[in-house]
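Take a moment with the sequence and the 3D view. The text below walks through them step by step.

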Amino acid sequence: MSKDEKAITGRDESYSDWYIDIVRKAGLADYSAVKGCMVIKPYGFAIWENMQRQLDKMFKDTGHVNAYFPLFIPKSFLSKEADHVEGFAKECAVVTHHRLMNNPDGSGVVVDPSAKLEEELIVRPTSETIIWNTYRDWIQSYRDLPLLINQWANVVRWEMRTRLFLRTAEFLWQEGHTAHATKQEAIDEAKLMLDIYAQFAEEWMAMPVVKGVKTANERFAGADDTYTIEALMQDGKALQSGTSHFLGQNFAKAFDVKFQDNNNKEQYVWATSWGVSTRLMGGLIMTHSDDKGLVLPPKLAPIQVVIVPIPKPNGLINEAADKIIADLKAKGITVKADMDKKKSPGFKFAEYELQGIPVRIGIGKRDLENGTVELARRDTLEKMNVPVEGIADYIENLLVEIQDNLFNRARTYRDETTTSVDTFEEFKQVLDEKGGFVSAHWDGTTETEKKIKELTQATIRCIPIGNPQEEGKCILTGEPSKERVLFAKAY
RNA sequence: CGGGGCGUAGCGCAGUCCGGUUAGCGCACCUGUUUUGGGAACAGGGGGUCGCAGGUUCGAAUCCUGCCGCCCCGACCA
C-alpha cells in the first residue's frame, strides 16, 4: 500500500476534507444508504460509549434517573407550544401510513393507501411534548417534585445539509427533562447541568469550553433561557457543544402540568431540558487531531495503549508483552497487542496513529537486550526508550500527562484565538484573517445581531457567564452597551 | 429549495465524446516464497446484473428517453 492512498488530506489543504478523511479512515463512521444518515462504526461507537458512560454517571450522581419515551409523537402535541412548533416544524419527518402492499403492477411494494393514519405521527426532533404530556399524569403534588429524568435516544431533524457527526438527519443524544416546584430551582438545575457538561468537556474530552447564555435569537424554541457550552475548533469556527434550557412554565402551561403546593394551592411546574449529542464526537475530532489522523484523550480512548512487536512477534517478545499487558490491565488501562505477522511495523505505526491511540509500545530485539521498550506518545509524536521495570506506573502517569497536555494545548489555542475588538472594521478583519472568538460590544437587539450575521456570517455564540460589566459602544450601531459578547462563525 | 458533481469489483478510478474481441488499472482480498526498528517485494489467483427501466442497433458501459440514489457548494439548524 502506498503512503498517498492511505494518507489523509492536510488541514491546510482542506479542513473539511481533512475532517471527513479522519472520520472515515480512522473507522469512526461512514455514509449510509440513507440520505443524511450515517453509520457509526464500532470504533466510533466505542468512543461514544465511553462518553455515555461518564455522562450517565454524572447525571446519576446528581440525582437523575433514566427512562424511555416513544419515538413517535402525535402531530397535535407539537403544536401545543407555539414557539416550539415554529422552531421545529420545518425539519420534521412525518409518518402518514402504517402498511405496505405489493404494487398491483408487480414492481415491488407501495404504500397501502387504505392504511392512512387517523392522526399523523412525527418522528421526535426532541421530546419535550411527549414528555410533558406524560408528566401531566405523573405530577399532582409538590411531593412528586422535583422530577429528574434523562433519556438516551435517537432523534430526527430533517436537515438540508449534513456532515458526519456534526449534523445528520438522525443523531444520538441524551435529553434530560426535569420538573420543579419553583422558578429558582429550575434555573439552578439548568445551570447545574451546564456545569456538568462543561466539566465533562474539559476533564474528559480535554476540550475547553466557554459557558454562556444564548441571545433571544439563538434560544431554543420554547425556552425562556438557553445556556450553552461553546468550543473553538482548529479552523477557528465555534461549535455549540451542549445546551441546557430553562423552559419557564411554557410547557407546563401548554400541557397543563400543575401541582398542589404545601398550602394546597395549585401551580404550574417549572421546567428544564438539556442535551448533548454525537456532535460531541465532531468536537473531539476537531479539537485535537492532526494531519496524521485522530488524536484521542486517554480518558475516552477505547484502547489507551497498543503494543507493536518489532519486527514480528516471537516467543521472547510475546513473553515480554504479556507481562506488560498484565501490569497495565491490573491498573485498569486498556491495552491491545497487535501480533499480526502479515503487517509490517511501519504499517502498524501509521495505522494506530490514524486511530489516535494515545500510547504505543514498540518491543524489538534491541529492547529485549537492553531491558527497555520504545514508547511513542500520540499527542506530541515523541519517542523515548523506557525501562521495562516499572513501565505500568510510567504509562499510568504518561496517560495523565497526555490528557493534561491535550487540554492545555487546546486552551492555549482557544485563548490565542480569542480577540477583543472595538470597531466594526477590526471585527471584520479579525474574522477574515484570524477567525476564532471575537469579543465585542453589541447593543442588545436582535436586529443588530441579524445584521452582523448578514454582513459577516458571524453569530453571537453566547454572553459568557460571569462576564465583566464594561461600558462600551455597539460595534455596528454605536449604541451604548454594558458588556461584551462572544461572536464567531459557527458550525 | 437553488447550483454543481458523481454512479463501472470491497475502496479509488480509467474506458463513455467517436458503439465492435473475453470491460481494464491501482489498492484491498486469497495462496506461496523472500522480507520486516516508520505505510515490504515477487509470483500466482478469486471477485463485475457497468445505478434502474425502456428504446435505437447485427452489436450498447458507450447513443436516445425517463427514473432513482448519493456527495459537494449556498439559504436553515445541535
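A residue is near a strand if one of its heavy atoms lies within 4 Å of it. The model is predicted.

Start at RNA strand B. It is surrounded by 42 residues. The closest are Arg161, Arg279, Pro311, Ser344 and Arg366. By class, this surface has 21 charged, 12 nonpolar and 9 polar residues. Helix 11 (345-354) supplies at least two of the residues there, as do helix 1 (3-6), strand 19 (359-364) and helix 12 (365-370). Helix 11 gives the most, with 6 residues.

Now turn to the RNA side. Some base contacts can be named. A polar side-chain atom of Arg360 lies 2.8 Å from a base oxygen of RNA strand B. In the side chain of Lys383, an N or O atom is 2.6 Å from a base nitrogen. Phe347 uses its backbone: a polar atom there is 3.5 Å from a base nitrogen.

The structure holds 15 aromatic pairs. One of them joins Phe424 and Phe427. Why does the pair Phe424 and Phe427 count as stacked? Planes under 30 degrees apart count as stacked. Here the planes are at 15 degrees and the ring centres 5.8 Å apart, so the pair is stacked. Both residues lie in helix 14 (residues 424-433), 3 residues apart, about one turn of the helix. An α-helix has 3.6 residues a turn, so residues three or four places apart point the same way. Phe424 is buried, with a relative accessible area of 14%. Phe427 is buried too, at 0%. Ring pairs also build a cluster, linking Trp48, Phe59, Trp152, Tyr197 and Trp274.

Finish with helix 13 (residues 391-416). It has 26 residues. From first C-alpha to last, helix 13 reaches 36 Å, close to the 38 Å expected at 1.5 Å a residue. Which residues of helix 13 are buried? Among them are Ile391, Ile395, Leu398, Leu399, Ile402, Leu406 and Phe407. Gln403 and Arg414 are buried as well.

Technical notes: Residues are numbered from 1 along each chain as its sequence is written. Chains are lettered from A and ligands numbered from 1 in the order in which they are written. This is a predicted model: local features need pLDDT of at least 70, side-chain atom pairs count only at pLDDT 80 or more; totals for chains, interfaces and linings use all residues. Side-chain values use heavy atoms; hydrogens and water are left out. Rings of Phe, Tyr and Trp (its six-membered ring) pair if their centres lie within 6.5 Å; planes under 30 degrees apart count as stacked, over 60 as edge-to-face and the rest as tilted. Helices (H or I, at least four residues) and strands (E, at least two) are DSSP runs, numbered from the N terminus. Buried means under 20% relative accessible area, exposed over 50%, partly exposed in between (1.4 Å probe, protein chains only). The expected span of a helix is 1.5 Å times one less than its number of residues. A polar contact is a pair of N or O atoms within 3.5 Å; within protein, one must be able to donate a hydrogen and the other to accept it, and residues adjacent in sequence count only if both atoms are side-chain atoms. Ala, Val, Leu, Ile, Met, Phe, Trp, Tyr, Cys and Pro count as nonpolar, Asp, Glu, Lys and Arg as charged, and the others, Gly among them, as polar.
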